[in-house]
Amino acid sequence: MKNIFSLILISFTGFISYGQIFFGEQQLISTAGISRPETIFSTDLDGDGDMDILTSNYGDKSVSWFENLDGKGNFSPPVFLDPDVPQPAGAIANDLDGDGDPDIIYASWERDEIFWKKNLGSGIFGNPQIIDDYASGVWKLYSSDIDGDGDADLIIPLREGHGLVWYENMDGSGNFSEKKWIDSNMQNAREAYPADVDGDSFIDILTLDWSAGTAIWYRNEDGKGNFSDRKIITEQLTYPEKLICFDLDGNGYPDILTGSYPDLLLIKNTGNLGLFEDPLKVSESDDIGDFYVTDFNNDTHPDILVTHSYLNKLGWFQNDGQGGFYDLHEIAGNFEGYTKVNGADFDRDGDMDLLGSISFTSSLTIHFNLDGAGTTGTEEIVTRPEISGPSDLFLHDSNGNGQQDIFVAAKSDNAVFVYEQAQRNAGFGTAKKIAEIITPSSIFLKDLDGDDIADLLACSEESGQVIWWKNNGQNSFGPAVQIVNFGPGTSCVYSADLDDDGDQDVLVANQWSDKVVWFENNGNAGFSTEKPVGEGLNGATDIFVEDLFGDGLPDILVASKYSRVSYFQNIGNKTFSPEIVIENMMNGVEKVWALDMDGDGDNDILTHNYDKLIWYERANSSGVRSMRHVINENDYLYNIGFVFPADVNGDGLMDVFTSWGQSGNISWFQQEPETKQFSKQGIAPHIINGPVVLNATDVDGDGQNDLISASYLDNKIAWFKNEMVPEFSAQPNDAAICQSGQATFMSSMQDASAFKWQMTPDLSRSFVDITEGEYFSGVNTPTLIVNIPDPSFDQAKFRCLARYKGLEFPSTEALLEVDRLIVANAGEDQQICNDYIYVNGNWPQEGSGHWSVIQGGANFIDPTAPFTRVEQLQSGDNKLVWEIVNGLCSSSDQLIITVLDSSRIESHTQAVEAIMGTTATLLVEATGKDLQYEWYKDGIALEDDERIQGAKSAQLTISEISNNDQGYYQCWVNGFCNTVFTAVIPVSVITSTGEPDNSSIKVFPNPVLNQLHINTGQDINQANIFNATGEKLIAVSTKDTIKALDLTGFQTGMYLVGFLSKDQWHYFRILKL
């Protein structure tokens, strides 16, 4: 199982510089068909009237179809509908969009996704359209019209979802609803078969619960997809996997055919509203694998096609027309590994042919129905890979042309093949079978017969045979010569000169008997009986021979899968020391190498366990290791299956290839100079599946070590070119920006075929793809524009993936720093009466703030503090600004402080003398903001009534004044800044006695133009003049007797003139001209 390591250590020239290596697209050496078909389905996909084949394939994670080229059962190579469907849950066809062409429906169990592809006609299909991206544990697919609207809906069992769901075809165009639950409380749903169980013309659903061992049906109550609770058919099944519903007994109602390990059971429908009889065995023949119902002998009765897993049989059960079945009609041949069976008329002769699939050889075969009565012909191959189940590969120039050929052990083919390389960079030929051996597990090439040509050595895991074939030249080998039958579990063969006699001896390991032995070559390619090397090796899987001690004697290294790595020292005379354990308590050890890992001239040891790649540095010539190094110290791997050393970048240090994970991931670890540390270099994405065997050589003659792989599940032999990593001509730069702004990142790579931008939301997360939308534009171009919504993008990293020769290469990472925009808030505008105030802006948080004045005058005690005192404000508006600066973000807010003047009374009525019955008016004139008035009489607040108006205003009016209104009045003026009040205003009420005695006082002339004269024999010292409203206009008071009043400046109108004589007032109405 080990190659001659010296082939990898040949001198290479023209290596590209350190750290610039990548491996190009997978280039197939083998011609693969499909790998491990999981489901088979037959229908006319291209509309030409004959039956084509649709498959979902576990091995190569694909969905494919085969065109029936001539209507006679001659098929095209596979046409891949989707090459990336990990763990497919099936592929079926039905017309989803009503155009008459069967569309494709398929699902991935691993990804919980369901898709459909539109049939565009003539076998051309559109892009995948998602039906559900969270169908947890989707297991199978069925399509039927559930709701009676004339279009095809979808029904599936959800294994992890523990139930059954259906999806409504909403418009007959393939637009589906969200999942609708039929049952959400199952243990392990395995079926969702649509059929009219009770004869009401509505499609009901039947299912199996694998864990509970039950068969169940659900009645479609109204024909619109509203289903009943579960109806138990039987609870007597054992691990039921599959169900077919078909009228097998001819009573017009569909019966149930199902597996109950190890039996095939018939459950008859009584026709009484969905009631079923007890299960009956179809046959005493045990271990039926798959089954399919069709009329295989043209007698109008549906028969059953079956695969027989245990006995490797293929056949059919004939129906007697009443649901009774005759013994199995076996189809002649060896049908080992048949897993699926189907039936259709592939040759258009009017009868059903049998289609079968073999998983482990990845084959599809047809047995044509020759006479319509079930007589079948020989197996016809629809598809088969060039090799099947590669388990080991070996590189060697076995035909002497200077080019490395590839030898492959193919377990499923029970053979060894070679791919010859005629000349450098000319590619490889097709697979050439050179030897047959049952389930070969390991191959080795070495000159066993001394003719200087490498012969072929192989062992069988199943039979235990160890065989060699003489190389007759030009990769012609034979005959087979058995060295030993070492028993089942033989895992590895190796050849080296163990006894220093010049010929090549043979070593063999057996992982079941836990032994390693060797066979001495007698010089004529004859071998001795076995010679023990070690026992109790707990799963011995690999051997490597190298001089560990520098004594010229080859020692033996052994990898024991379940426990340890150890060696046996060659002490001469065909004798080896007891086992010396290098490291114990290991699990998953399958490969071991001895080579100079660090370029210091002595041999170190390379191996692995389940999750670690390990090398042991040699300390001295004693061969004892001094230091254990873990290569993937910082990188998590699991299920490591293979490790292979090679100097990838020509720096003289060994790098390490490994395959790991369930699906066969490949990575390589580059050894950094001087540090003895390794960095992981991924080889992805490559479509490889299953355990992978690796090797390396210069395939294309460019002086660089290329990678070769053989993958077991997808049957691919491929190579990957060692190329120089392309350089970016432009790299994205870091960007700093304020939130709500826009950042631009740019990258460029010559000859890149596509670009894709990724980001990591923060420093702790992995990169994820970016979607075009509100925040991002140009996600698939060299220039990405980011619209920053908020500070959550701060510290995000961006990179561009440039696709070059089928692989994606990352640019440098650009850091985006987003400064938070802190919106400044200076507070509410204020009106004050003083020249100072305390302002209170919001806190800057991550930034800094500053107060300034843009209008008016102000002095800030601390202009950088949000809360501070402002003094020396000017009267009127003072405009202040609070600004917050945080990095590139700036925000400001304006605050207006209005300094108001104090309230002040400018004037008011001084006194009022009013004649009884007239109207008196009192006025006040005041200045200030938000003035409010309040009139008082003798200290009591006045209220408006029928006579008094304006008690809360600047003008108080008293109508029909009387003696009760006489008193002292005052107005209080309440302003924004203060309260002021008038002086006391006396109000007098004059009582009139009519016209005065003319003999005592006379006034003239009346009407009067200027001077009004008074003639009286009495002393008159006071006089008042009132206007028509009773307002006193002037008051005259003198010591001397008043003889005249000057009315020159008065306006024309009626006035009331009063004179005080002997303590009594006398009034006269005067008309002023």
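Where in the chain is the place of Q474? In this predicted model, Q474 sits in the loop that runs between β36 (465–471) and β37 (477–485), and its backbone carries a positive phi of about 55° although the residue is not a glycine. Most residues other than glycine have a negative phi, and most peptide bonds are trans. With a relative accessible area of 56%, Q474 is exposed. A positive phi, near 65°, is also found at A525, again a residue other than glycine. A525 belongs to the loop between β40 (515–519) and β41 (531–534), but it is buried, its relative accessible area being 11%.

Cis peptide bonds were examined next. The bond from Y261 to P262 is cis, with omega near 5°, and P262 is located in the loop between β19 (255–260) and β20 (263–267). A cis bond also leads from N1006 to P1007, where omega is near 15°; P1007 is part of the loop that separates β85 (1001–1004) from β86 (1011–1016).

The cysteines were then considered. A search of the whole structure finds 2 disulfides. In one of them, C738 is joined to C889 with an S to S distance of 1.9 Å, and the link is right-handed, with 120° about the S-S bond. Because C738 lies in strand β59 (residues 735–738) and C889 in strand β74 (residues 889–899), this pair ties together parts of the chain that are 151 residues apart in sequence. Both ends of the link fall under the 20% limit for a buried residue: C738 counts as buried at 15% relative accessibility, and C889 counts as buried at 1%.

The disulfide of C833 and C977 has its sulfur atoms 1.9 Å apart, and with -95° about the S-S bond it is left-handed. C833 is placed in the loop between β68 (830–832) and β69 (837–840), and C977 in the loop between β82 (967–974) and β83 (979–981), so that this pair ties together parts that are 144 residues apart in sequence. C833 is partly exposed, with a relative accessible area of 26%, and C977 likewise counts as partly exposed, at 23% relative accessibility. When the bonded cysteines of the chain are numbered in sequence order, the pairing reads 1-3, 2-4. C971, by contrast, takes part in no disulfide, and the nearest cysteine sulfur, that of C977, is 18 Å away. At 0% relative accessibility, C971 counts as buried. C245 also counts as buried, at 6% relative accessibility.

The largest nonpolar core contains 110 residues, of which I556 and F657 touch the most other members. Leaving aside its neighbours within four places in sequence, I556 is in contact with residues that include L498, L507, V533, I543, F544 and V545, and S566, Y567, F568 and F576 are also among its contacts. Another core, of 42 residues, lies apart from the largest one, and I205, I233, I244 and V282 are among its members.

An exposed position is provided by N573, which has a relative accessible area of 75% and is placed in the loop between β45 (570–572) and β46 (575–576). The C-alpha atoms of N573 and D700, two residues that are 127 residues apart along the chain, are separated by 44 Å.

Finally, an open sheet of 4 strands was identified, in which the order is β88-β87-β90-β91 and the pairing is antiparallel. The edges of this sheet are formed by β88 (1032–1037) and β91 (1064–1072); each has a single partner strand, and therefore one side of each is left without a neighbour in the sheet. Neighbouring strands of the sheet are turned by 20° against each other on average, direction ignored. Within this arrangement, β87 (residues 1022–1026) and β88 run antiparallel and are joined by 5 bridges, and A1023 has V1036 in β88 as its bridge partner.

Note on methods
Residues are numbered from 1 along each chain as its sequence is written. This is a predicted model: local features need pLDDT of at least 70, side-chain atom pairs count only at pLDDT 80 or more; totals for chains, interfaces and linings use all residues. Side-chain values use heavy atoms; hydrogens and water are left out. Two strands pair if DSSP finds at least two bridges between them. Helices (H or I, at least four residues) and strands (E, at least two) are DSSP runs, numbered from the N terminus. Axes are lines fitted to C-alpha atoms, for helices over the stretch in contact, and angles run from 0 to 180 degrees between N-to-C directions. Buried means under 20% relative accessible area, exposed over 50%, partly exposed in between (1.4 Å probe, protein chains only). A nonpolar core is a set of buried Ala, Val, Leu, Ile, Met, Phe, Trp, Tyr and Cys residues joined through side-chain atoms within 4.5 Å. Contact means heavy atoms within 4.5 Å. A disulfide is a pair of cysteine sulfur atoms within 2.5 Å.
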